[in-house]
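Here are a few exercises to work through with the model open. Try each task before you read its solution.

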Amino acid sequence: MSTKPQDASPYTIDANAAVLNTLPFDDTADFEDASRGYIGTWDPPLQITNEKGKTVWTLAPYVDQTRDAPCPPTVNPSLWRQARLNTMNGLFKVTEGFYQVRAFDMSNMTIIEGAEGLILIDPLISCECAADALRLYRELRKRPDVKVKAVIYTHSHVDHFGGVCGVVDPEDVRAKRIEIVAPAGFLEHAVSENVYAGVAMIRRAQYMYGPYLVAGPRGQIDSGLAKGQSVGRISIIAPTKTISQTGDTIELDGVRIEFHMTPGAEAPAEFDFYFPDHRVFCAAENATHTMHNIQTLRGARVRDALEWSKYLNEALDLFGDKTDVLFAQHHWPRWGQERIASFLSKQRDMYRYLNDQTLRMLNKGYTGIEIAEVLEMPQSIAREWFNRGYYGTVNHNVKAVYDRYMGWFDGNPARLHPLPPERSSSKYVELMGGASKVLKAAGAAFDKGEYRWAAELLDKVVFHDPTNTKAKDLLANTLEQLGYQAEAGPWRNFYLMGAQELRDGVTIPSDAPSTDASMFSAMTLDMIFDSLGARLMGPQAREHILMNWSFTDTGQHYALEVSNGALSYVAHVRAGADVTVTTTRSTFDAVLLGQLSFRDAVTTQKARLEGNVGKFLEFLLLLDDGDPAFPIVTPRPDIEAAWKGKDRKPPKDPASSEADLVEHEGMSRLRRFLAELPKGC
Ligand SMILES: [Zn+2]
């Protein structure tokens with residue numbers, strides 16, 4: 001019988017109480033800013049549903065997070081403060097003609113009243129949320145028929161465009177009635193950032209945002225950036241106008257906007273912008289009320305703290321002395337030129353400090369882990385609420401900066417080729433006198449509040465023997481106390497998700513959100529073929545395959561070559577192909593999305609195969625699937641089994657043995673497919 005979520009230990013209570021004495025809780029300016037201009041919201045709890053009645057976004061678990069609600073002992077008071085600010089929801093007036101709907105999803109939707117209609121900035125993650133946000137505006141502003149004239153996507157992350165089809169009819173975009181403006185590279189990055197490593201990122205994002213934790217004082221309370229992520233329909237409409245130069249100025253529905261390009265910092269394609277006729281600056285997601293991630297813990301390429309700092313310096317230089325209102329696409333705005341300049345300069349200094357001090361110390365020979373342990377922000381920066389580590393943290397951002405410049409290896413050859421945890425853990429546990437001795441030591445560490453050490457010991461026992469329930473329970477209790485003390489929403493969620501998985505195993509509801517058709521259609525063929533390359537079971541792909549692909553609707557031609565287990569391509573056909581596939585892009589999309597089987601595409605003549613059909617089928621069968629529910633806090637069963645075998649040999653890639661290819665269920669699919677294939681194709 002596994003343990004259940006526990007109370008805060010005396011050490012956690014002390015640690016959280018100490019936070020109250022170290023941070024300026026009497027500075028409540030953020031609460032004034034977050035409530036300024038409040039117009040209204042719907043009766044609590046806010047609940048947004050899809051057409052089937054399923055809830056895609058709700059603030060019901062957070063109704064107790066009122067402004068004056070006392071901090072539970074199981075929550076870091078600084079995170080509790082941020083959580084209460086992020087719960088404030090509804091329609092807010094930012095300044096004359098500028099409105100925001102907040103907490104109707106993870107991000108803000110900003111609404112600007114133009115000459116004839118509305119300009120929307122960032123239509124949230126889900127269509128349902130975006131539609132309701134616009135409905136709230138129309139109701140409370142009593143403008144039921146006001147039309148959307150333009151949409152701006154500030155950057156390529158899904159919480160800034162996914163709900164667009166909830167507020168815009170794509171037909172209006174095609175007919176040029178609605179303009180869609182985005183930074184250069186938007187479309188490519190919007191769909192590519194999560195494509196290649198998407199399965200693993202989705203799995204780790206469950207740890208980062210904690211959607212399957214029970215919300216509440218012992219569970220999920222906030223992500224630092226917002227409450228969480230909605231789970232409705234995600235869509236995309238390609239921009240009709242892209243901006244690529246700083247200083248480019250356009251007029252949308254009578255509103256002049258001057259752009260400042262910021263690619264490669266918070267997102268690979270991003271801009272912020274200035275409204276010269278209003279003295280208003282939209283900081284996009286470059287400056288919000290948190291230290292942001294140099295590396296997001298769900299997994300992504302490391303970002304560039306130096307560039308980030310330089311962009312903020314540039315924004316300060318360009319607009320800092322002529323801005324009276326700053327708003328961003330998360331959190332609440334700031335008012336007053338001096339407060340805004342101070343905000344931008346202190347966020348600039350924070351990222352620069354992270355970058356430069358990490359470099360200074362690594363040049364003395366400190367490793368990433370060592371720098372993260374000692375680097376502290378100057379008090380003048382660290383005590384500003386907007387620089388606290390609610391989303392990124394000093395600790396993991398320092399490691400990210402180290403990684404950006406130096407990579408994963410710390411230079412010590414004793415750590416160049418370590419045994420994997422599944423193997424070394426057993427050796428450690430044996431050396432330490434067996435699991436019960438390690439458990440005893442871990443228990444003593446837990447009782448002294450040494451949770452980081454207890455976690456390290458217990459991780460060894462669990463990876464040595466994942467059936468050891470006592471070890472898993474104590475590790476769960478340990479991670480939980482670490483979560484209760486965390487100031488960062490993602491750290492709290494990671495710890496509590498780890499605890500939950502140790503107690504209950506991997507539990508993912510079957511209706512978890514998946515890839516959306518419009519997102520898929522926005523991918524280029526290069527991206528699709530690259531992602532197929534990343535699914536190819538290399539060890540089994542021994543035969544050379546050359547395929548020509550022709551897409552009759554788009555006029556594109558590709559030659560794909562499987563050679564030595566690797567997939568390459570060129571964007572034209574090649575002579576001597578084993579097989580030629582002729583189809584349309586829309587059929588191809590339907591097949592890849594699983595809406596149409598390839599066999600049905602062939603029988604209905606939506607796809608034609610000529611040449612050696614067997615080679616083509618072999619290629620399809622060589623495509624592997626990811627595992628959307630892989631274990632994180634326990635060893636992968638196949639790796640563990642290999643090490644536990646009598647030879648204690650390293651595991652093999654499951655796609656590597658001859659027997660696997662013959663027995664792979666794909667082979668029976670192949671035989672079935674061949675038997676059922678219509679003649680003459
Ligand atoms: Zn965002």
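## Exercise 1: strand E5

Task: work out which way the side chains of E5 point, and whether they are buried or exposed.

Solution. Start with the faces: Phe98, Gln100 and Arg102 point one way from E5, Tyr99 and Val101 point the other way, and all are buried. Buried here is under 20% relative accessible area, exposed is over 50%, and partly exposed is in between (1.4 Å probe, protein chains only). Strands (E, at least two residues) and helices (H or I, at least four) are DSSP runs, numbered from the N terminus. The model is predicted, so local features need pLDDT of at least 70 and side-chain atom pairs pLDDT 80 or more, while totals for chains, interfaces and linings use all residues. Residues are numbered from 1 along each chain as its sequence is written, and side-chain values use heavy atoms, leaving out hydrogens and water.

## Exercise 2: neighbours of E5

Task: find which residue of E5 is the bridge partner of Gly90.

Solution. First, E4 (residues 90-95) runs antiparallel to E5, with five bridges joining them; pairing takes at least two DSSP bridges. Next, read off the partner of Gly90: Arg102. Then look at the other neighbour, E6 (residues 109-113), which pairs with E5 in the antiparallel sense over four bridges.
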